[in-house]
Amino acid sequence: MPANASTFDDTVAGGCTWTVPSWVSSVRVLVVAGGGGGGYAWGGSGGGAGGMQEVLSYPGVPGQSLAVIVGAGGAGGTGHDDTTGAMSGGNSTFDRIVSAGGGGGTHYRNPCAGAKSGGSGGGGSGWGRGP
């Protein structure tokens with residue numbers, strides 16, 4: 001890494017801004033969204049992976065403030081009476097680059113609740129069983 005290189009890692013869900021350093025004219029960007037939560041119990045399905053985008057040379061103007069949002073992972077299914085399945089992961093952004101959150105998995109007793117679509121893939125659908 002060059003002596004004047006700058007690294008910015010943000011893995012905590014939420015938002016902030018990143019100011020382009022004076023010696024930078026372009027940046028390498030990796031944006032990874034939150035994964036979807038898993039469905040409840042042994043017959044519930046796993047959540048989908050969060051989407052990912054990599055840009056090898058994204059233009060930046062020294063002093064420019066760029067918005068950064070780190071998407072949180074989706075909450076898992078909550079119990080036997082859960083009729084909605086797990087939650088999808090949050091989208092992540094770096095300025096205008098957006099990665100979609102992974103889809104949440106479905107509930108094992110209610111596959112009709114449906115897995116949710118998402119970034120690298122939606123959540124799987126559970127196999128279900130009778131009431």
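The model is predicted, so local features need pLDDT of at least 70 and side-chain atom pairs count only at pLDDT 80 or more, while totals for chains, interfaces and linings use all residues. Residues are numbered from 1 along each chain as its sequence is written, and side-chain values use heavy atoms, with hydrogens and water left out.

Four strands, in the order β1-β4-β5-β6, make up an open sheet with antiparallel pairing. Strands here are DSSP runs (E, at least two residues), numbered from the N terminus, and two of them pair if DSSP finds at least two bridges between them. In general, strands of a sheet pair through backbone hydrogen bonds, either parallel or antiparallel. At the edges stand β1 (14–19) and β6 (97–99); each has a single partner strand, so one side of each is left without a neighbour in the sheet. On average, neighbouring strands of this sheet are turned by 20 degrees against each other, direction ignored; the axes behind that angle are lines fitted to C-alpha atoms (for helices over the stretch in contact), and angles run from 0 to 180 degrees between N-to-C directions.

Strand by strand, the pairing looks like this. β1 and β4 run antiparallel and are joined by 6 bridges, with W18 having L66 in β4 as its bridge partner. On to the next pair: β4 (residues 65–70) and β5 (residues 92–94), also antiparallel, are held by 2 bridges. Here V68 stands opposite F94 in β5, and the bridge partner of I69 in β5 is T93.

Buried means under 20% relative accessible area, exposed means over 50%, and partly exposed lies in between (1.4 Å probe, protein chains only).

The largest nonpolar core has 11 residues in all: W18, V20, V24, V27, V29, V31, Y58, L66, V68, F94 and I97. Such a core is a set of buried Ala, Val, Leu, Ile, Met, Phe, Trp, Tyr and Cys residues joined through side-chain atoms within 4.5 Å. Two or more core residues come from each of β2 (26–32) and β4, and β2 gives the largest share, 3 residues.

A search of the whole structure finds 2 aromatic pairs. Rings of Phe, Tyr and Trp (its six-membered ring) pair if their centres lie within 6.5 Å; planes under 30 degrees apart count as stacked, over 60 as edge-to-face and the rest as tilted. The rings of W18 and F94 have centres 6.0 Å apart and planes at 45 degrees, so this pair is tilted. With W18 in strand β1 and F94 in strand β5, the pair ties together parts that are 76 residues apart in sequence. Y58 and F94 form an edge-to-face pair, 5.9 Å centre to centre with 75 degrees between the planes. Since Y58 lies in strand β3 and F94 in strand β5, this pair ties together parts that are 36 residues apart in sequence. W18, Y58 and F94 form one aromatic cluster. Both W18 and F94 are buried, and Y58 counts as buried too, at 8% relative accessibility.

Then there is S99, in strand β6. This residue is buried, with a relative accessible area of 2%. A polar atom of its side chain lies 2.9 Å from the backbone oxygen of V31. The residues that S99 touches, not counting those up to four places away in sequence, are V31, V32, A33, G51, M52, Q53, N91 and S92.

D95 lies in the loop between β5 and β6 and is partly exposed, with a relative accessible area of 26%. Phi of D95 is near 55 degrees, a positive value in a residue other than glycine. G47 has its place in the loop between β2 and β3 (52–59) and is partly exposed at 31% relative accessible area. G47 and G103 are 56 residues apart in sequence, but 5.8 Å apart in space, C-alpha to C-alpha.

Notes:
Polar contact = N/O pair within 3.5 Å; in protein donor to acceptor, adjacent residues only side chain to side chain. Contact = heavy atoms within 4.5 Å.
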